[in-house]
Amino acid sequence: MRPTLPLLAAALTSFAIADASAQGRQDAPLSPDLTRMLEAALASGNEAEVEVIAKYARTISPESTDAINALANRWKEERREEAVQRIRDATFWELVEGRIELGGFQTTGNTDNIGAHAILDVKREGLVWRHKLRGMIEYQESNGVPTREHYLFAYEPNYKISDRLYAYGAAQFESDRFFGYSSRYSTSLGVGYNAIRRPRLTLDLELGPAYRATDFTNSPDENNVAARGSLDLMWKATAGLTLTQNASAYLQSANSTVSSVSAINARLIGPLSGRFSYTVQYESDPPAGRQTTDTTSRASLVYQF
């Protein structure tokens, strides 16, 4: 059984104090006991745990800072090289991961309501290219009359320019006649940046020009040049609890669109998790008789693969 973080920290304290008094100078080599303790943390494979132990070691034994950094950096470099090699050796489907989200409801009594939604998110991460595919279907009816019918399909390829910077392309199709349009096609090219990339926290930002063609149900069609921006935030609060915030905006002279999805994911068992999300979609100039803002709350079951 590998040592837990509290035990590692406690043992590291005693070893580091002994090492500091024994060495008493800058750039001192690690003592055998301190080396074994750091290597035990490295063996866990948990980068967050390694960062905590290394930081604690540098604080208690500052004269060994260079040796501690060298050990931790060598471990990180070896992990990166192993990850690159795994990608090179993997087949196409071995690099595909994603999730399937399903939810639904039914009420009887004073009103008979039924509703369901299905979402598919797929991503393939390669050395140079990243591909993302998304599909969503929502349907709801009340007393046998449809009250919501929304479809969305999107594809986004990313070309990695550097470790954090990438170029993206985006193509999206939407249909929501209850929001006033039978079809809307959106395309965009731009740049993205991994603003935050930590073991438990990531933030991706994208910005670029776009073109949208909208076929409204009761208004003339529109074709517009727009500016597109997006934000994807993910925070692993605990081992079993993850919070996400995804937002995007198409800003143009005619009807602009801003959408936001806030979600909490709780791991249940194995690849299954429960998800509660709240979606807000804003249309600045919807067709006559339509409201500018639409909100949807969802509770669903998610399967990760």
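**Helices H3 and H4: a packed pair**

H3 and H4 are roughly antiparallel to each other, a label for angles over 145 degrees. Their packing angle is about 170°. This is a predicted model, in which local features need pLDDT of at least 70, side-chain atom pairs count only at pLDDT 80 or more, and totals for chains, interfaces and linings use all residues. Residues are numbered from 1 along each chain as its sequence is written, and side-chain values use heavy atoms, without hydrogens and water.

**The helix pair**
- H3 covers residues 47–60 and H4 covers residues 65–89, with axes 9 Å apart. Axes are lines fitted to C-alpha atoms over the stretch in contact, and angles run from 0 to 180 degrees between N-to-C directions.
- From H3, Glu47, Val50, Glu51, Ala54, Ala57 and Arg58 meet Thr65, Ile68, Asn69, Trp75, Lys76 and Arg79 of H4. Contact means heavy atoms within 4.5 Å.
- By class, five nonpolar, two polar and five charged residues form this contact. Nonpolar covers Ala, Val, Leu, Ile, Met, Phe, Trp, Tyr, Cys and Pro; charged covers Asp, Glu, Lys and Arg; the others, Gly among them, are polar.

**Valine 50**
- Valine 50 sits in helix H3.
- Valine 50 counts as buried because its relative accessibility is 4%; the cut-off is under 20% relative accessible area, with a 1.4 Å probe and protein chains only.
- Leaving out residues up to four places away in sequence, valine 50 touches Ala41, Leu42 and Trp75.

**The whole protein**
- The protein has four helices and twelve strands. These are DSSP runs: H or I of at least four residues for helices, E of at least two for strands.
- Of its 305 residues, 34% are buried.

Methods: Angles under 35 degrees count as roughly parallel, over 145 as roughly antiparallel, 65 to 115 as roughly perpendicular and the rest as oblique. Buried means under 20% relative accessible area, exposed over 50%, partly exposed in between (1.4 Å probe, protein chains only).
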